[in-house]
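Here is a short briefing on one protein chain. Look at the sequence and the 3D view, then read the points by topic.

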Amino acid sequence: MESTTTTETSEADKEPISHDIRSLKKEAENTSLKLESITDGSNDRGIPKVKFLDDIGAFADTFEPTASSEILIGAFTDLFSKFKSYETSLNHKRDLFKAKIPEIEKSLALVNYLKKKESDEENIVTRYNLADMVYTKAEVDCSSGIVNLWLGANVMLEYTYNEAIELLSSKLKTARNELEQSTKDLAFTRDQIITSEVNISRIYNWDVRQKRLASNKD
């Protein structure tokens with residue numbers, strides 16, 4: 001007898017949960033809420049700007065049917081996750097250019113130095129890595145006016161000094177611009193993450209207040 005009662009109670013407990021899930025899925029399918037509904041345009045780089053919800057009740061009523069707190073929280077949580085993923089990508093991009101710029105600057109300074117020695121009709125003596133922990137001296141003939149640059153993927157090409165300077169200067173300018181832009185995008189993205197978090201918190205608190213008011217009326 002006790003076993004039967006327990007089973008009936010368990011089934012009764014499951015039914016409202018199952019009903020809530022079905023209702024939520026149906027609402028998600030029928031709601032008019034879209035990405036444009038929770039964003040307010042974008043910046044000049046096309047990154048969406050999260051809409052700050054001042055009046056949550058009025059915002060929920062703008063949808064047909066009226067959006068529930070679960071749907072709103074779900075929408076902003078999804079947006080939050082996308083911004084977090086984009087933040088990781090931007091962090092990687094910024095760190096990449098931070099490491100790349102000093103290397104380009106060093107290469108550019110070296111080519112300029114070689115060009116100066118060519119003008120002075122001088123050679124230079126340097127050390128290079130012959131093997132692990134083994135270095136040897138070499139005399140560089142600067143009068144050749146030729147330098148080899150690594151371009152990545154095990155590719156090395158020969159350039160004149162002027163060509164190398166032009167190429168490296170262009171790459172340096174591009175890298176600096178990309179670093180500056182990725183830093184700005186990162187700051188903007190973090191602002192959107194904060195706004196998303198604030199909205200989620202406000203929606204949750206609003207929902208708690210609405211349920212409390214409804215309970216007091218009953």
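Lys82 is exposed, at 54% relative accessibility; exposed means over 50% relative accessible area, buried under 20%, and partly exposed in between (1.4 Å probe, protein chains only). This is a predicted model: local features need pLDDT of at least 70, side-chain atom pairs count only at pLDDT 80 or more, and totals for chains, interfaces and linings use all residues. Residues are numbered from 1 along each chain as its sequence is written, and side-chain values use heavy atoms, with hydrogens and water left out.

**Salt bridges within a helix**

- Lys82 forms a salt bridge with Asp78 (a side-chain nitrogen of Lys or Arg within 4 Å of a carboxyl oxygen of Asp or Glu). The closest N and O atoms of this pair are 3.4 Å apart.
- Asp78 is partly exposed, at 41% relative accessibility.
- Both residues sit in helix α4, four residues apart, so about one helical turn separates Lys82 from Asp78. Helices here are DSSP runs (H or I, at least four residues), numbered from the N terminus.
- An α-helix has 3.6 residues a turn, so residues three or four places apart point the same way.
- Asp207 pairs with Lys211 in a salt bridge, with 3.2 Å between the closest N and O atoms. These two lie in helix α5, again four residues apart, about one turn of the helix.
- Is Asp207 buried or exposed? At 15% relative accessibility, Asp207 counts as buried.

**Salt bridges across the chain**

- Arg176 forms a salt bridge with Glu105, and their closest N and O atoms are 2.7 Å apart. This pair links distant parts of the chain: Arg176 is in helix α5, Glu105 is in helix α4, and 71 residues separate them.
- Arg176 is partly exposed at 43% relative accessibility, and Glu105 is partly exposed at 32%.
- Salt bridges also link Lys84, Glu87 and Arg190 in a network.
- How many salt bridges are there by this rule? The count comes to eleven.

**Asn162 and its surroundings**

- Asn162 lies in helix α5. With a relative accessible area of 49%, Asn162 is partly exposed.
- The side chains of Asn162 and Lys115 are joined by a polar contact of 2.6 Å. A polar contact is a pair of N or O atoms within 3.5 Å; within protein, one must be able to donate a hydrogen and the other to accept it, and residues adjacent in sequence count only if both atoms are side-chain atoms.
- Asn162 and Asn112 are 50 residues apart in sequence, and their C-alpha atoms are 8.8 Å apart in space.

**Nonpolar cores**

- The largest nonpolar core has 21 residues; Leu33, Ile38, Leu72 and Phe76 touch the most other members. Such a core is a set of buried Ala, Val, Leu, Ile, Met, Phe, Trp, Tyr and Cys residues joined through side-chain atoms within 4.5 Å.
- Helices α3 (56–60), α4 (69–119) and α5 (161–217) each supply at least two residues of this core. The most come from α4, which gives six.
- Another core lies apart from it, with 18 residues, among them Ile104, Leu108, Leu149 and Leu172.
- Not counting residues up to four places away in sequence, Leu72 touches Leu33, Ile56, Phe59, Ala60, Phe63, Ala67 and Ile203. Contact means heavy atoms within 4.5 Å.

**The span of α4**

- Helix α4 has 51 residues and reaches 74 Å from its first C-alpha to its last, close to the 75 Å expected at 1.5 Å a residue. The expected span is 1.5 Å times one less than the number of residues.
- Glu121 follows α4 and has a positive phi, near 55 degrees.
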